[in-house]
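Visitor: I am new to this structure and would like to learn how to read it. Please take me through a few features.

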Amino acid sequence: MRAAATEELELIETGGGGVALPPLDGGGDDGRRWPSPEVSRRAFTTGVQLGLAAIVMFFMSLTSAYIVRKGLGTDWQATEMPRVLWLNTLVLLASSATIELARRRNTAKPLTAEAREERFSRWWTATIALGILFLVGQLFAWRQLSAAGLFLRTNPSSSFFYVLTAAHGLHLAGGIFALLYVAFRNWKRSRITQETAADLAALYWHFMDGLWLFLFALLTLGR
Amino acid sequence: MATHAGAGVHAHTAPTGFLWKYIFSLDHKVIGIQYYFLALFSVFVGMALSLLMRFHLVWPAAKVPFIAGGIMKPEQYLALVTMHGTIMVFMVLTTAPQSGFGNYFLPIEIGAEDMAFPVLNMLSFWTTFVSLVVILAAFFVEGGAPIGGWTSYPPLSAVGDVAGPGQGAGQTLWVIGLAIFCLASLIGALNFITTTVDLRCKGMSLMRMPLTVWAWLVTAILGLLAFGVLLAACGLLLLDRLAGTSFFIPGGLVFTDTVLTSHDGGSPLLWQHLFWFFGHPEVYIAILPGMGVTSHVLSNFSRKPVFGYKAMVGAICAIGFLGFCVWGHHMFVSGMSPYSAFAFSLLTMTIGVPSAIKTFNWLGTLWGGKITFTCAMLFALGFVSLFVTGGLSGLFLAQPTLDLYFHDTFFVVAHFHFVMGVAAIFGIFAGTYFWFPKMFGRMLNEGIGKVHFWLTFVGVYCIFMPMHFLGMVGRPRRYADLTGVNFLAPLHNVEFFISIAAFITIGAQFIFLYNFIHSLGWGKKAEENPWRATTLEWTIPSPPPFDNFAGRHVQVYRGPYEFSVPGAPQDFIPQDEAPVEVHGVHNEGKT
């Protein structure tokens with residue numbers, strides 16, 4: 001039993017628990033897999049990673065549509081990106097840093113549980129605030145564009161700008177909801193710990209950050 | 001940290017109230033049955049639509065019940081075509097074999113207590129339900145159901161009701177309904193994969209999973225990667241319809257006497273690419289679970305292990321992978337470059353290789369077996385037959401030169417109804433006759449079941465085989481009425497024959513319905529393992545308790561199809577039976 005447990009732990013540490021190769025022998029715990037926290041942690045990690053794979057497919061479809069639509073027709077007029085997007089990008093990058101600060105576990109000096117808790121909630125709140133700031137910034141960019149007479153239906157380039165930013169914004173809003181959920185849910189009665197939930201929310205958050213960098217590059221360089 | 005886990009945190013306990021036990025249940029078994037009944041309802045709706053179509057094709061001037069105005073107008077026929085395809089593909093072929101049986105049996109067959117995310121599972125079903133309601137609602141709005149076919153090609157699907165009566169509100173509901181269905185399927189796929197990857201019991205290695213589980217896993221992967229693409233496409237189509245964008249709508253379109261000036265520069269082909277990038281994997285989403293069930297059932301009733309188990313696993317994965325590389329073969333007539341067409345053609349015919357491996361291995365499984373012709377077995381054999389018949393016409397259609405001629409004829413109708421439609425339906429029937437005792441605790445009547453099988457089997461061949469010939473002659477598809485067309489006039493008898501065969505086959509499904517309902521209430525009580533099968537669902541009571549194994553720690557010691565093992569006391573060994581000889585001692589020493 002003891003041996004099986006260490007095996008299980010090793011499995012988690014060596015990157016099991018992902019969509020990476022599942023253990024060929026089926027994992028090797030005691031058969032009652034589901035309620036154990038290790039298995040739950042692995043399952044939730046797999047679930048989030050698979051969700052991200054589906055999101056990649058969704059945005060890749062839009063990207064390929066973008067490229068195809070741009071290559072067709074003569075009505076494509078490059079949309080000048082609002083300057084505020086650069087600022088928004090910095091805000092989102094900063095939020096990725098704060099979320100890492102929030103869940104950092106190893107520090108030079110050992111912290112008490114309260115101090116760690118305090119640091120977590122401080123940086124976690126900062127991340128949520130930055131996330132909201134980013135969305136507000138995106139709305140501001142929309143207003144700048146519409147003030148310049150560029151609307152959803154004006155031309156294909158502006159259509160894609162609104163579609164891509166809106167789709168990303170919705171996903172990021174989901175991320176903010178996840179951060180709030182991690183902060184406020186009672187994790188005592190849950191199948192996973194708050195720590196795991198925070199890890200997974202952070203994974204999603206970084207992914208949204210990277211996705212924005214990709215979309216911004218597409219909209220700027222692929223104009 | 002690892003050892004004290006599990007005792008305190010029980011994920012969920014059996015609910016008591018009716019609402020939480022049967023409606024918003026978190027139990028994968030109840031959800032599986034909910035999906036099954038949703039599909040059962042939908043299949044009868046879809047069948048009723050095809051009945052009206054077959055009636056109209058033979059008696060175009062006759063009055064038809066349920067049709068506004070009595071005599072069917074061409075656009076009403078097209079609405080039937082659209083809704084028949086949509087309901088059958090999404091609500092039946094995608095739902096029953098994967099979400100229905102998969103939900104019920106995947107966790108049990110891998111020794112898990114439930115799906116990885118029970119709440120998501122429940123949400124996934126109810127989202128599907130909402131999507132069905134939204135799609136059916138299209139019948140009841142102004143203009144009626146959409147008329148653009150289940151593929152809803154723009155520009156006709158994108159410009160609103162100038163394109164026809166159903167293309168207004170009806171088409172909008174169709175797009176929204178489909179988008180909701182995409183969300184439901186994504187959630188479901190995520191749950192299936194996670195469950196298979198992370199919740200297998202001790203000893204259930206990948207190469208010990210039943211082929212049904214392999215099929216459900218690969219199907220879920222296809223769903224996860226494909227439905228996001230359809231979702232994106234539906235989103236863009238909706239914007240074209242409602243927000244005035246031009247993703248799919250080209251400029252200068254003329255409808256009767258008006259030129260459409262509000263749109264410009266969009267590409268209908270873009271929709272086709274996005275749609276078929278989803279649509280081709282969708283074909284395998286419909287058929288793969290049926291392949292899994294067929295392997296399972298053939299092995300069981302031949303009392304032989306599946307021939308070439310590893311090759312079967314490889315073939316399932318290869319079919320899944322290749323399914324993503326061939327979407328262009330739906331677009332040979334779209335004016336694509338012959339070089340692209342050649343590449344798609346070659347890749348498409350490559351799918352013949354894993355398909356042939358599967359067929360060869362099914363025959364190998366049967367070879368020399370002690371075959372009993374139960375209803376489940378008959379339907380599995382029917383599946384093989386239909387799959388081969390439908391697959392062979394696929395080789396014709398995979399060639400661009402032939403497809404140019406066949407594409408818009410009944411040859412294609414015959415092809416996809418054989419290979420994707422009725423083959424998958426036979427997979428569902430095989431699963432139903434095989435698993436009904438486990439799901440409902442009672443046996444289906446085998447005698448009535450055999451009548452049902454023979455009428456259906458002969459019936460579908462009588463319906464769809466002649467359609468090949470109609471297609472070769474050049475009978476186009478999607479036309480409401482061709483009675484005045486001279487070169488098709490000699491074929492009226494064939495049409496008549498097909499319609500009569502269709503009426504009889506549809507009638508035969510009521511035999512099944514009677515059997516189903518009657519057996520639910522008054523069937524013979526099922527034992528734990530009536531088919532003398534090996535996989536884990538047959539080691540627990542029928543129907544299974546709430547947490548499947550009643551707290552038992554399942555462990556698996558062997559492969560899924562150990563039939564007729566030399567020297568064994570009986571002709572099957574359940575997966576969880578520990579080896580009695582040297583290995584057993586070794587195992588005991590460990591615990």
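**Domains, helices and a buried residue**

Guide: This is a predicted model. Taken over C-alpha atoms, the centres of domain 1 of chain B and domain 2 of chain B are 19 Å apart.

Visitor: Which residues of chain B belong to domain 1 and domain 2?

Guide: The domain assignment gives 24–249 for domain 1 of chain B and 289–526 for domain 2 of chain B. Their contact takes 35 residues from domain 1 and 34 residues from domain 2.

Visitor: Which helices supply the side of domain 1 of chain B that touches domain 2 of chain B?

Guide: At least two residues each come from α2 (28–58), α3 (74–93), α4 (95–109) and α7 (211–242) of chain B. By class, that side of domain 1 has 27 nonpolar, 7 polar and 1 charged residues.

Visitor: How do helices α8 and α9 of chain B pack, parallel or antiparallel?

Guide: Angles over 145 degrees count as roughly antiparallel. Helix α8 (residues 268–302) and helix α9 (residues 309–322) of chain B pack at about 175 degrees, with axes 11 Å apart, so α8(B) and α9(B) are roughly antiparallel. B:Tyr284, B:Leu288, B:Met291 and B:Ser295 of α8(B) meet B:Met312, B:Ile316, B:Ile319 and B:Gly320 of α9(B). This contact has 6 nonpolar, 2 polar and no charged residues.

Visitor: Is A:Leu50 buried or exposed?

Guide: A residue is buried if 20 or more other C-beta atoms lie within 10 Å of its own. A:Leu50 counts as buried because it has 24 C-beta neighbours inside 10 Å. A:Leu50 lies in helix α2 (residues 37–71) of chain A.

Conventions:
Residues numbered from 1 in each chain as written. Chains lettered and ligands numbered in written order. Predicted model: local features only at pLDDT ≥ 70, side-chain atom pairs only at ≥ 80, totals over all residues. Domains from an automatic or database assignment. Contact = placed C-beta atoms within 7 Å. Helix = DSSP H or I, 4+ residues; strand = E, 2+ residues; numbered from the N terminus. Nonpolar A, V, L, I, M, F, W, Y, C, P; charged D, E, K, R; others polar. Buried ≥ 20, exposed ≤ 12 C-beta atoms within 10 Å, placed from the backbone. Axes fitted to C-alpha atoms, helices over the stretch in contact; angles between N-to-C directions. Parallel < 35°, antiparallel > 145°, perpendicular 65-115°, else oblique.
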